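Let's take a friendly walk through this model, starting with a sheet and its helices and ending with charged side chains. Please keep the structure open beside the text.

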Amino acid sequence: MKTIEAMNLIRGQWREASSGERFESLNPADNRQIVGTAPKSKAGDVDEAVAAARQAFEGWRSLSRVKRGEYIDQFAQLMKRDLNALSELVTHECGKPFNEGKADVVEALHMAQYVAGMARMPHGEIIDSEIADKDAYILRKPKGVVGCITPWNFPIAIPLWVALPSLLEGNTVILKPSEDTPICGHRLAELFVEAGFPAGVINVVHGFGEDAGDRLVRHEQTDVILFTGSYAVGHHIEQVCAQMHKFCAIEMGGKNAVIVMDDANLDIAVHAATLSAFKTSGQRCVTSNRIIIHEKLEPEFTKRFIAAAREVKIGNGMTPDTFMGPLINRQGVEKYLMHNQKAQEEGAEIFLPGGEVKEGDLAHGHFVAPFVYRLKHSSSSYVLREEAFSPHVAVIPVSSLEEAVHVYNDTKYGLSMAVITEDYRKWRYVRDHADFGVGYVNLPSIGAEVHLPFGGVKGSGNGHPSAMGVFDAVTHKVAFTVNHATEIVLAQGLSVKLRS
Ligand code: UN1
């Protein structure tokens, strides 16, 4: 693949950062390959993008919703045309195996198709007024300029999860893609241009969180911030937005789990646990770092889970049948090693020692192997309560359903949870007592669908889910009441005569 030079997209024009500085995006599977370079934007570049979005807002919101949907439909068709090339780019830039790269792009396509379809769906309500001579409506109005700060692990899907509903509702957008996957962000920008979106409606600014991202959040002309990423950054954004009285929807991490009950189908349990722990090399916010297992099934489950983890094929994502690609960067590897070390310090029984994989060409990438251990839950444990964002997995024994849910809930997070059981009473108990935003029964803890809300509770999110949830985040719901009589009667029907 040839090296791609990404540019900022501001007011429909391709722009360098005003400083002229650029940064590199390397292939995490082989650091000798430069996937591309991108402008290292600073506050001034963001200011221009925000000004462009602000200026484009009135024109864009004045189009019919159906017309805005047609732009998104056109965009969907271009994505379909480029499906394979985009999937390959995802693998090159973020390391996921090709079939997972494809899943990322297909999920993005689903979002585009769904949002385009929503253009012709009702988006308000007619509701009776208390007064016969009044008509009352509930309408949705766009909030204005939306800043989207998106992660590298779904570099095509997540930007579109947040940008497309924003656009359909009449907002204008500034997207700041992850500094780890700017070239995927650039391809999206090219498709937006090709789809014919008017200048300034969607702007893309590349750069790092501490300058470009921070400016987007602090800019007084951005009305909404949609963020997906780490707890530390998300929580910081929440605080800044609260001080500025600015709305933000924040998706953060998880310390998710697969809960295997004593009646579980073991084939399903092992398969679900393997996918939950190792897909995307454990780098999904819905990844399960914890398998909470009933002690009755523990010996058999553990034997089979370890065997499955041993068989996981680690390699370059473009090599057929690779299951686990590399971690995204050196910091990802350091975090994984730190968690493994801490598990040892906390007295874990180590089943698979994991570690870096350095055979042949893999030495040039950030490859690591599954680290699997057994550790009893403790409320003071670090490794059982903090997100590792890597294939670092604890098998945690419990002796009852209630204990399983208590252990599951005993972290600051509450994103995704899978329960494996044949007994509806058990999954129903878990459904009602576990803290999660995305729940699964007899499935892995991964696999979001775009037309369902995606988000978590507690430290995983601030209550404004992503995917279909974005429609609510980027609109105001307003009441609108029209009098069609020739005199005024107020609500509650009281007389408003000025004199008797
Ligand atoms: C994320 O990891 O940030 O549910 C999102 C899934 C994906 C989305 C994950 N489709 O596994």
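## Sheet, helices and salt bridges

Strand β4 and strand β5 (residues 30-39) run antiparallel to each other, paired over six bridges. Strands here are DSSP runs of E with at least two residues, helices are runs of H or I with at least four residues, and both are numbered from the N terminus. Two strands count as paired if DSSP finds at least two bridges between them. Across this pairing, asparagine 27 faces aspartate 30 in β5.

A word on the source: this is a predicted model, in which local features need pLDDT of at least 70 and side-chain atom pairs count only at pLDDT 80 or more, while totals for chains, interfaces and linings use all residues. Residues are numbered from 1 along each chain as its sequence is written, and side-chain values use heavy atoms, with hydrogens and water left out.

The open sheet has three strands in the order β1-β5-β4, with mixed pairing. Each of β1 (4-5) and β4 (22-27) has a single partner strand and stands at an edge, so one side of each lacks a neighbour in the sheet.

Two helices meet these strands. Helix α3 (residues 83-94) lies across β4 and β5, at about 110° to β5. Helix α6 (residues 182-194) packs on the sheet and touches β1, β4 and β5, its direction making about 45° with that of β5. Contact means heavy atoms within 4.5 Å. The axes are lines fitted to C-alpha atoms, for helices over the stretch in contact, and angles run from 0 to 180 degrees between N-to-C directions.

Now for the charges. Side chains of opposite charge can pair when their charged atoms come close. A salt bridge is a side-chain nitrogen of Lys or Arg within 4 Å of a carboxyl oxygen of Asp or Glu, and the count by this rule is 37 salt bridges. Here are some of them:

| glutamate 16 | arginine 22 | 2.7 Å |

Glutamate 169, in the loop between α5 (157-168) and β9 (172-176), and arginine 65, in helix α2 (residues 65-81), link distant parts of the chain, 104 residues apart. Is this pair buried or exposed? Glutamate 169 is buried at 5% relative accessible area, and arginine 65 is buried at 11%. Buried means under 20%, exposed over 50%, and partly exposed in between (1.4 Å probe, protein chains only).

Aspartate 82 is buried at 13%, whereas arginine 81 is partly exposed at 49%. A network of salt bridges links Arg81, Asp82, Arg187, Glu190 and Glu194.
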